[in-house]
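I opened the coordinates to look up strand pairing and core packing. My entries follow the order of the look-ups.

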Amino acid sequence: MNDVIIVGAGVVGCSIARSLSRYELDVLVLEGKEDVASGASKANSAIVHAGFDAEPGSNKAKYNVRGNAMFEETCRALHVPFIRNTSLVVAFSEEEMPHLQKLLERGEQNGVPGLRIIDQAELRTLEPNISKEAVGALLAPTGGICCPYDLTFRTAENAAANGVKFLFNKPVKTVSSENGVWTLVTESGETFQARAVVNASGVSSAFLNNQVSATKYNIQPRRGEYVMLDKSEKGCFRATMFQCPGPMGKGVLVSPTVDDTIIVGPTSEDIDSPDATETTAFGLDKMRRLSTRIWTEIPFRKAITTFSGIRAHETTKHDFVLGEAPDAPGFFNALGVESPGLTSAPAIGQDLADEVASKLDAKKKETVSDDVSIWPRMRELSTEELNELIAKDPHYGRVICRCETISEGEIRASIRCRVGARTIDGIKRRTRATMGRCQGGFCTPRLMEILADELGIPQEQVTKFGGESRMVLSRLFPEEK
Amino acid sequence: MSQEIDVLVIGAGPAGLAAAAAAREAGCQSVMILERDDAPGGILQQCIHPGFGLHRFKEELTGPEYAQRFIDRVNELQIPIQCRTMVLDITPDRQVTAISPERGVQLFQAKAIVLAMGCRERTRGALMIPGTRPAGVYSAGTAQRLVNMEGFMPGKRVVILGSGDIGLIMARRMTFEGAKVLACVELMPFSSGLKRNVVQCLNDFDIPLLLSHTVTQIHGRERVEGVTVAAVDEKRRPIPGTEQYFECDTLLLSVGLIPENELSIKAKVPLSPVTSGPTVDDSMQTEVPGIFSCGNVLHVHDLVDYVSLESEVAGREAARFAAGSTPVPAAYTLVKDGFGVRGCVPQRIRDAGADEKVAISFRPADVYRNATWQIRAGENILLKRRAMILTPGESQRVELPREQFKGIPEVTVEVVMEEKK
């Protein structure tokens, strides 16, 4: 039996796992999908929000501002990129300006530092590409950007380095307790037991909570569609450009990413299925239309990919539900964590871990590993460093992904690490291979070969992201002996 | 500590091989090719169908056979090809940084460089096709590599979006290997591939070509389960009510090729927005002195035979540049795209050069039947050509004596007396 089982290996589940790994506890993470960051954590705006949006006093407000302040240290420890590029909420008419004032006051109430309203002239100086319609903006210097899947993966990797176990493809179907022991049964009938359960299962979180608590919640899956523009557009905006919420809705944002691409989105649409991550003609059209408010000449011919993510919107409280369920001792929720969930994750992880550890009377470990399985990134090394590395491991001299300059060594390392890639998308999110402008056109066959080699499986069993997502369906000739 | 090379060729596809051989044959002793793949030959190695070399060798070769002739030639000339070597950077003063597992980081100082990196395929993401993101969506070239070089079948029931030549070839190839190709769907009212490929790869196998149609949605969570196809109006927008569903496990995309000029941009080589390749003169020299460009990195070709010809010019001229024997032109003739013409290459012609003939090629901007195209300098017609049909899928090429351009500041290539469709 484990001390703690965390259901869900998104950024929240992994953050809790990492914080819990500081305690003398046996921790198991059960993830329904094939990899970490397989839900909202892989498909969101990648924004570290300043915290002026949330209702004062809400969990969203509290954890947003606290989480934001933790980001430098968290990302430094995990070796993931983080840039405080500032956020701007742009008003497109004088009528919208009072709303910026409202946001500023709300932000100050939430404890967001440094907020100020800037006029058109300053806005144009800061962001020359801003639409001529823009009249002013709220500037939030603590707004930032990070890579959500890199953050999740390295968080998991550090948790694993400190003893947390991860099991994938284990969708939890039922949860129940007897005599202080929690029993989780997966869809395939496997049973796992623990003294405490943390429910960080995103869109499934109400489903699990409602099995054990009289306080019922409801998760409404909410889809947001995005488009990513080529890094050739780097520099179009320095800050994350939000639109002032108005009669046209919240609007879409345009932001640089830490990988130099430009992200545009999201739309917001309530949908029936938590799996409906398709993009739609309607959604993409709407996003195109709305984004031109910020960037009149936004070059969609530079699109490299479109995607959508599903947010877990809780409809009774409209807030994060965090902590032990009042009538289910040992069952802890991190439920309804939608935006600003990424920003809040480090703080949520810390608080929930402390709460669980206190419940289980766990002591802090004396030594903690700070290992996150960092591997050398070819494009970041000097000639001397590269030569030294290639002499040791020639795989680092073979470029596999041309567009992003990713070597075979990096790809193999991403498979060999503790929470290693098992799929093509797993490699993609750990290394950026296939994320460039050719979208895997050249390197896909190479990645299949390397993955099959590392895992000791035939290539026709290699999947894009688990399940039936096989890359190829058959072999033309019998395998050579 | 950089290695000095007279002519350094980037890429050992058909363009690079031909350029290197020509540079050596023009007397350059120090020629080297850098190739990122494991072996020379480029994309030709996966083009195992026949149809190559009809112009060049007056016989029908497969892609690998065509490539082999040039590989053999390069080997006979003892030109080193360094494979598994990725060029990371080129500077305008022709310093080249490359990396390989065997040699680590290498620095070269070249007297002349020939850019021959080829092109890549336009992706699903670039088209922003809505739908799910399952396995089973491949660009046609990636599928061609999987089938012909890796020995795998991406799927069994296939829809092809776009009628580029690789898509057409793959329609036939997948059919040969037992797959059912349900349709080839083309947004435009005409095929973007060669007529002969439409006939030999679609018509001969009863594969429908749906012109003025597009894929409006991809279905299937893990693997592709189907695609929705709709007719499009004159503005290429889907027409509601025309949707049809194709149940399939694979969607191949053959929706355009893009010259891969990432390195050219690093070397500050100006590119043409029309061809997406460098702007060059008739020696294939870019606007950066000593940097030449040829093959699909310069502009997308339909026939490799012309890649070879063009690349031989680039190789020869690079050798002359390296030897310091390039005549300095006193004047240029600019070559402009006129009505119905897109992407003339070269964009300018020197008044002096070692070659007496100058080749101009372009793509028709639309389909024109019983049309005439011409090269015009003011009122003066330098050349007139009649054609039964001009289509964007078939580029046009002509050779003219350099003499004809003497003293002419600008010529326009244009379609005239067209009777559209």
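This is a predicted model: local features need pLDDT of at least 70, side-chain atom pairs count only at pLDDT 80 or more; totals for chains, interfaces and linings use all residues.

Entry 1

Entry 2. I began with strand β18 of chain B, residues 250-253. I checked the side-chain directions: Thr250(B) and Leu252(B) point one way, while Leu251(B) and Leu253(B) point the other way. I found all of these residues buried.

Entry 3. Which strands run parallel to β18(B)? I found that strand β10 of chain B, residues 137-139, is joined to β18(B) by three bridges and runs parallel to it. Here Ser139(B) stands opposite Leu253(B). Strand β12 of chain B, residues 157-161, is also parallel to β18(B), with four bridges. In that pairing I located Val158(B) opposite Thr250(B).

Entry 4. Next I looked up the largest nonpolar core, which has 151 residues. Val7(B), Ala19(B) and Val114(B) touch the most other members. I listed the contacts of Val7(B), leaving out residues up to four places away in sequence; among them are Ala23(B), Cys28(B), Val31(B), Val114(B) and Ala322(B). Apart from this core I found another of 128 residues, including Ala43(A), Tyr217(A) and Val264(A).

Entry 5. Last, I traced an open sheet of three strands in chain B, in the order β22-β24-β27, with antiparallel pairing. Its edge strands are β22 (341-345) and β27 (396-401), each pairing on one side only. I read an average twist of 25° from one strand to the next. Three bridges join β22(B) to β24(B), residues 357-364. I noted Ser361(B) in β24(B) as the bridge partner of Val345(B).

Note on methods. Residues are numbered from 1 along each chain as its sequence is written. Chains are lettered from A and ligands numbered from 1 in the order in which they are written. A residue is buried if 20 or more other C-beta atoms lie within 10 Å of its own, exposed if 12 or fewer, and partly exposed in between; C-beta atoms are placed from the backbone. Helices (H or I, at least four residues) and strands (E, at least two) are DSSP runs, numbered from the N terminus. Two strands pair if DSSP finds at least two bridges between them. A nonpolar core is a set of buried Ala, Val, Leu, Ile, Met, Phe, Trp, Tyr and Cys residues joined through C-beta atoms within 7 Å. Two residues are in contact if their C-beta atoms, placed from the backbone, lie within 7 Å. Axes are lines fitted to C-alpha atoms, for helices over the stretch in contact, and angles run from 0 to 180 degrees between N-to-C directions.
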